[in-house]
Amino acid sequence: MDNQQRDNSRRRFLRMAATAVPAAVAVAVAPNAAAEVVSSDAPKSSGLRDTEHTRKYLESARF
């Protein structure tokens, strides 16, 4: 009976360790990943921008 309780506590510890490590990594990484997503938002395009590159392209595409 005592041996069975020891096995149960080892199993509990291993289960807890198996779930705690990925959870700790997720908690450590998630705020940084969310900050990168928020900071790397590209400006929303409102259509074709008038730049020198687009002017040259449009001139070359004329027939």
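The areas come from the Shrake-Rupley method with a 1.4 Å probe, and for residues only the protein chains shown count as cover.

Quick word on what you're looking at: this is a predicted model, where local features need pLDDT of at least 70 and side-chain atom pairs count only at pLDDT 80 or more, while totals for chains, interfaces and linings use all residues. Residues are numbered from 1 along each chain as its sequence is written, and side-chain values use heavy atoms, leaving out hydrogens and water.

Back to V21. It sits in helix 1, residues 2-39, and is exposed at 52% relative accessible area. Exposed means over 50%, buried means under 20%, and partly exposed is in between (1.4 Å probe, protein chains only).

Now the whole chain. How many helices and strands does the protein chain have? There are 2 helices and 0 strands; these are DSSP runs, numbered from the N terminus, with helices being H or I of at least four residues and strands E of at least two. Of the 63 residues, 2% are buried. The chain exposes about 6300 Å², and carbon and sulfur atoms supply 59% of that.

On to charges. The structure has 2 salt bridges, meaning a side-chain nitrogen of Lys or Arg within 4 Å of a carboxyl oxygen of Asp or Glu. D50 pairs with R55, with the closest N and O atoms 3.0 Å apart. D50 is exposed at 60%, whereas R55 is partly exposed at 43%.

K56 bridges to E52, and there the closest N and O atoms are 3.3 Å apart. Those two are 4 residues apart in helix 2 (residues 52-61), so about one helical turn separates them. Both K56 and E52 are exposed.

Leaving aside neighbours within four places in sequence, T54 is in contact (heavy atoms within 4.5 Å) with L48 and R49.
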